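Look at the sequence and the structure shown below.

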Amino acid sequence: VAKGNKGDKAAATSAAKPKQLPSLFLSALVVGALAAGVYFGPVVPSIHEQFLEGKRAATKPFVTFEEFYPFYRSEHADRTNRLLHVIGTAVVISLVLSSPRTILAVLGSGSVGFYLCYLFAGFQSGLAEGLILLSLFLYSNYKLTGSKFSAVFMVLCGYAFAWFGHFSYELNKPASWIYPTFSLFSDFRMFFNILTMQEPL
């Protein structure tokens with residue numbers, strides 16, 4: 001009986017190892033994407049502009065994040081809308097910090113999203129970019145944490161507050177419909193700028 005128990009334990013251990021491989025591979029991929037972003041990030045806009053050769057969509061005039069952010073601020077002039085964005089972002093940050101592996105999923109998908117915003121610069125809308133960014137985050141978070149619903153809940157919380165603010169108070173369309181990645185980055189930047197009193201609420 002003892003031998004049988006040892007055999008069962010060994011079989012269970014060997015069966016668990018393959019399941020760990022996707023998570024390990026995904027973690028390595030996230031680290032690689034972050035490293036590439038740090039190394040190549042500063043030169044991506046200029047290289048991509050040469051590649052586009054005037055094919056950038058008319059709805060996407062901003063090349064870099066620094067160019068986009070003043071536009072983002074102009075689209076969030078209403079105080080109540082900004083407050084709702086701050087609340088939604090605070091909820092998302094608290095959920096992310098509660099799971100270290102979710103942090104990896106956020107950083108990895110955000111790094112890939114940085115490249116996507118240039119890859120899809122010729123598209124009129126941000127639908128393709130947003131769907132890929134969202135799918136990558138949901139999939140990577142599931143693989144890293146094993147939870148099917150935590151990432152979905154996180155996304156719903158963040159965008160519910162933000163979009164309610166746009167449709168009910170700002171009365172405009174969310175910038176994420178055109179620039180999903182830059183808008184996501186801007187949500188966090190505005191949150192920290194307001195928190196550190198670099199921008200008014």
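How many salt bridges does the structure hold? There are two salt bridges, a salt bridge being a side-chain nitrogen of Lys or Arg within 4 Å of a carboxyl oxygen of Asp or Glu. Side chains of opposite charge can pair when their charged atoms come close. This is a predicted model, in which local features need pLDDT of at least 70 and side-chain atom pairs count only at pLDDT 80 or more, while totals for chains, interfaces and linings use all residues. Residues are numbered from 1 along each chain as its sequence is written, and side-chain values use heavy atoms, with hydrogens and water left out.

Glu66 is exposed, at a relative accessible area of 51%, and Arg189 is partly exposed at 29%. Here buried means under 20% relative accessible area, exposed over 50%, and partly exposed in between (1.4 Å probe, protein chains only).

Arg73 and Glu199 form a salt bridge too, at 3.5 Å, N to O. This pair also links distant parts of the chain: Arg73 lies in helix H3 and Glu199 in the segment after H8, 126 residues apart. Arg73 is partly exposed, with 41% relative accessibility, whereas Glu199 is buried, with 7%.

Now take the chain as a whole. The protein chain has eight helices and zero strands; helices (H or I, at least four residues) and strands (E, at least two) are DSSP runs, numbered from the N terminus. Of its 201 residues, 38% are buried. Contact means heavy atoms within 4.5 Å. Among contacts between residues at least 6 apart in sequence, 76% join residues at least 24 apart.

Ser176 sits in the loop between helix H7 (150-170) and helix H8 (180-195). Leaving aside neighbours within four places in sequence, Ser176 is in contact with Tyr159, Trp163 and Ser183. Is Ser176 buried or exposed? Ser176 counts as buried because its relative accessible area is 11%.

Phe114, in helix H5 (residues 100-119), is buried as well, with a relative accessible area of 18%. The C-alpha atoms of Phe114 and Pro180 are separated by 9.9 Å, although the two residues are 66 apart along the chain.
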